[in-house]
Amino acid sequence: MRQRSLIAITAALAAGALTLTACGSRDDDGGGSDSGKGGGGTTVVIGVDAPLTGDLSALGLGIKNSADLAAKTANKEKTVDGITFEVEALDDQGQPSVGQQNATKFVANDKVLGVVGPLNSSVGESMQKVFDTAKLVEVSPANTNPSLTQGVDWQTKKVRPYKSYFRTATTDAIQGPFAAQYVYNDSKKRKVFVIDDKKTYGAGLAKTFTEEFKKLGGQVVGTEHINPDTKDFNAVATKVKNSGADVVYYGGEYPQAGPLSKQIKAAGAKIPLVGGDGIYSADFIKLAGASGTGDLATSVGAPVEELPSAKEFVANYKTEGYKEAYEAYGGYSYDSAWAIIEAVKKVVEANDGKLPDDARSKVVDAMQDVSFDGVTGKVSFDEFGDATNKQLTVYAVENGAWGSVKSGTFTG
C-alpha cells in the first residue's frame, strides 16, 4: 500500500475476520512480545514497523499481529533449531520521519536480523538507506510504489536501489493498470475524475491508473489533489458532479476515501469511487456509510479466505485471540515474517547450526533465494526484490462488506 504505499484480503475479511474480538496477547501500543518461547537458546528479534496508532492503525495492528503469529508458529514448530524468535513492534504513526527514527532503533539492536514493514511507501522510502547501510533486511507486506525496488526512473530503466529491501506485495505498476482495465472493460466506464492525496503511494497509483485508462480509450474529465489532513471535500465533490464523470478514481487511503465517497454522492454524483489497496479496509465502509455501496477497490493477491494455503493462518489467528483483525495485509505480513525466518534458517544451516558474526549481511543474501508456499501463495522474489506473485483482486462494497468480484493478473 501505498503512500502505502499495498495485496488482497477479502469478503470474509470484512465479514468474518474483521469480527475477531478476543483478547490480544500483546499490548495495544506495540512493544515487544516473547512470541511463544520454544525455538531454542539464541534469540533473534524480528522488528515490525507500522502505524499502530492514528487513522491507519487498523491496518498497522493487523500487520503487527500477523508477524507475531509467524514468530510464535516458528517457535512452536522449532523451525530453526537453536533459535527463538521474538517480535519488537514500533509505531511509525504513518510518518516518514518517525519511520526513519524507528529504523535507526532497529539497527541499534544487534538481535534484530530482519524487519517487517512498513505500511506506507513514503515511510519505506525514509527507511531504506538506514537499513541498507546496516545490511539489515526489510520485507514490506504493503509498500506498492514501484520506485522502492526499481528506482525513480522505473518506467524507462529499472535499477534496484537497495539490496536489503524486499516486499511481498505487488506494485502499483501493475495495480493501477489492473484497476483501469476493470473499470473500462468490465464496468464499461468511459469518463473518469481522478483524485489523489499527493503522497508517494496515492499519486503514484493515480498516475499508473490514468495512463492505462487513457490508453484503453477512456477520458479523464477532471483531476484534483486533496489535503489528507482535512475531511471536508465538498468543493471537490462539486467539481466531480459538474464534470460529467461516470466514475471516480482515488489514489490514497481509507481515512480520506470514505468521507470523499460520501460527499461525492451527497453532491449528486451517484457514481462509484474506485481505489487501490489503500482503501481496502472495513473502516472505509464505516466512513463512507450506505453511500459506499458499489464502490470498488483493488488489492494485491487473491482473497486470503479463498486460498487453501490461508486456512491455517485464519484459524490460528483466531485461536491466538488477537483483538484486532488481520485486515488487508495480514497474510502478507505473516509471509514477510516467515521469509525472514526462512532466511535465518538458511544462514544457520550453512554455518554449522549457529549464527555467524555477520548474520545480518548473510540474511540479506539468503533472502534473495528464499522460496516457500506461504499464506498468500508461492512466496519468492525477483531480481529487484519484488514479489513474484503478481495476482490482484477487485472488491466491491455490497451489503456493508467487501466482496471479491474478480481476480487475475494485469495483461499489458
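Q: How many of the 412 residues of the protein count as buried, in percent?
A: In this predicted model, 61% of the 412 residues count as buried.

Q: Why is Gly62 called buried?
A: Buried means under 20% relative accessible area. Gly62 has 0% relative accessibility, so Gly62 counts as buried. You can find Gly62 in helix H2 (residues 57–77).

Q: What does Gly62 touch, leaving out residues up to four places away in sequence?
A: Gly62 touches Tyr317, Ala325, Tyr326 and Gly330. Contact here means heavy atoms within 4.5 Å.

Q: How do you know that the radius of gyration agrees with a compact globule?
A: Set the two values side by side: with 412 residues, a compact globule would have a radius of gyration near 22 Å, and the protein has 20 Å, which agrees.

Q: What makes a set of residues a nonpolar core, and which members touch the most others in the largest one?
A: The members must be buried nonpolar residues, such as Val, Leu or Phe, joined through side-chain atoms within 4.5 Å. The largest nonpolar core has 83 residues, and Phe85, Ile195, Phe284 and Met367 touch the most other members. Helix H12 (residues 330–349) gives the largest share of this core, ten residues. Another core, of 24 residues, lies apart from it and includes Ile174 and Phe209.

Q: How many helices and strands are there in the protein?
A: There are 13 helices and 15 strands.

Note on methods:
Residues numbered from 1 in each chain as written. Predicted model: local features only at pLDDT ≥ 70, side-chain atom pairs only at ≥ 80, totals over all residues. Heavy atoms only, no water. Helix = DSSP H or I, 4+ residues; strand = E, 2+ residues; numbered from the N terminus. Rg over C-alpha atoms; globule rule 2.2 N^0.38 Å. Buried < 20%, exposed > 50% of the residue type's maximum accessible area, 1.4 Å probe, protein only.
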